[in-house]
Amino acid sequence: MLLAARGNGVEKRGTMLTSITDGILCCLTGKTTSLVLPLESSEPSDGFEFVEVKPGRVLRVRHIKPERQRVDTEKQDAGKNKTTADCDGNRDASVRDTIDADTGTSVHCKRKITVYRNGQLVIENLGDVLHSEILQCQDGDLEPCSTVEVELADYKEMPSSPDPNPVPPVPLPAGEQKPAPPPRRRRRKPKRTVLIDSTQVISSCKGTHSDVALFFVHGVGGSLDIWSSQLEFFSRLGYEVIAPDLAGHGASTAPQIAAAYTFYALAEDLRAIFKRYARKRNILIGHSYGVSFCTFLAHEYPDLVHKVVMINGGGPTALEPSLCSIFQLPSCVLHCLSPCLAWSFLKAGFARQGAKEKQLLKQGNAFNVSPFVLRAMMSGQYWPEGDEVYHAELTVPILLVHGMCDKFVPMEEDQRMAEILLFAFLKVIEEGSHMVMMECPDTVNTLLHEFFLWEPDMSRKGEADHTVSVCDTVNTLKIKKPVDK
């Protein structure tokens, strides 16, 4: 045992010495080893595709499309039993599509978003509010939604009804003057006002539905391998799953220019992947920085994005690179510090730092990117449009998953996100950290599956049709804009 420990120590020192040596050579020659080369894929080619989103820009994509031959045959038989005539193939296809898709529940989405010059944001929910809705647990019990309470606005109070027996005013004594009325407050002019009035159809998405696709998007420093547990779990349930490697990550190509790793460049890559594999009802699952790309797609394609899952994504603030960050150092210096950065990520990204977590970090290729790509990614995520108003405009149901031990994203940021979003459910996993989907795969898979199957409960609304009644009261949120990250 002692020899093994000494051997591990020698191996670690050798790795660090090699890293320092490579860093010195980088400073002298201006080149680094394996600077922009993608990682070799250790997985078999089955299920992996390489998609050229732009000339010379190739992304590795894990695409698992389940076999539905038996299911489609059963649906064809069901369609034939329902129709006694016209057995044309096109009609059979339309019958299958009708059987696949649930009718769902129509929800009225109406809110008024007002931004004032002092940075204050006021959101008025004028339509259906599903913050009070509940997610169904496996045992059938109901638990209240864990979204946080928000401050109700008190500046717009409704006048009370007149008193049927008014009390006459008491006359003032002689010699006393009537007190002056309070100064009238000047009405503030809003800087920006956004009105949303639409109808969102929310339905249960099952693995047997051929019009449902799941997109998994990782964050900075990760790869599609961090979703291995989720991809295996949901593909077994019959879902079609798609998970790409961002440029410079995993086995995707890594361009040698920093402009290739800006937010807009990466977002356009994911737009191309989404348009290639999108179905009628698509569910986006993002982690960390990947949440911003999911928000971008949900905003760009509201009719195609059915639900969104945000795992440790942080608050609804615009992305801006930090000027005082270690990632602003030259690439050669980051190459020397790579062992320290990997150890720091292990301590901050996982609740425990045991052998299992180290193996997960190695298998998942998390934080295993070149210093050049890492520096370009951390310096190029500038997205001023993605502010609170941008997130408040989303009308799609969103599940927020937060690891209690996360040292990268504070709990307050996900709580604020739950306040801003229209239809949001916040779930906290106490034993999880930033890489919660790798630490607690069973818990995360169960939460995600319940959310995919969830749709609003019509029996609690007391309506005969498929339209949820509009709330009688207007919920107004008064939110002060925080300092940008």
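## Exercises on a predicted model

Ser288 sits in the loop that joins strand E8 (281-287) to helix H6 (290-300). The model is predicted.

**Exercise 1.** Describe the largest cavity: volume, lining and residue classes.

*Solution.* Begin with the count: there is one cavity of 30 Å³ or more. The volume of the largest cavity is about 50 Å³. Next, list the lining: Phe215, Val217, Pro244, Leu270, Ile273, Phe274, Leu284 and Leu297. Strand E6 (212-217) and helix H5 (263-277) are the elements giving two or more residues to this lining. H5 gives the most, with three residues. Last, sort by class: eight nonpolar, no polar and no charged residues.

**Exercise 2.** For the salt bridges Arg57 with Asp269, Arg271 with Glu300, and Arg236 with Glu232, find where the partners lie.

*Solution.* The whole structure holds ten salt bridges. Take Arg57 and Asp269: their side chains meet at 2.6 Å, N to O. Arg57 lies in strand E2 (residues 57-64) and Asp269 in helix H5, so the pair ties together parts 212 residues apart in sequence. Arg57 and Asp269 are buried.

Move to Arg271 and Glu300, whose closest N and O atoms are 3.6 Å apart. Arg271 is in helix H5 and Glu300 in helix H6, so this pair ties together parts 29 residues apart in sequence. Arg271 is buried at 18% relative accessible area, while Glu300 is partly exposed at 38%.

Finish with Arg236 and Glu232, with closest N and O atoms 3.3 Å apart. Both lie in helix H4 (residues 228-236), four residues apart, about one turn of the helix. Residues three or four places apart in an α-helix point the same way, because there are 3.6 residues a turn. Arg236 is exposed at 57% relative accessibility; Glu232 is partly exposed at 49%.

Methods. Residues are numbered from 1 along each chain as its sequence is written. This is a predicted model: local features need pLDDT of at least 70, side-chain atom pairs count only at pLDDT 80 or more; totals for chains, interfaces and linings use all residues. Side-chain values use heavy atoms; hydrogens and water are left out. On a 1 Å grid over the protein atoms alone, a cavity is a set of points where a 1.4 Å probe fits but cannot get out, and a pocket is an open set with protein on both sides within 12 Å along at least five of seven lines; lining residues have an atom within 4 Å of a point. Grid points are joined across faces, edges and corners, and a volume is the space filled by probe spheres set on the points. Ala, Val, Leu, Ile, Met, Phe, Trp, Tyr, Cys and Pro count as nonpolar, Asp, Glu, Lys and Arg as charged, and the others, Gly among them, as polar. A salt bridge is a side-chain nitrogen of Lys or Arg within 4 Å of a carboxyl oxygen of Asp or Glu. Buried means under 20% relative accessible area, exposed over 50%, partly exposed in between (1.4 Å probe, protein chains only).
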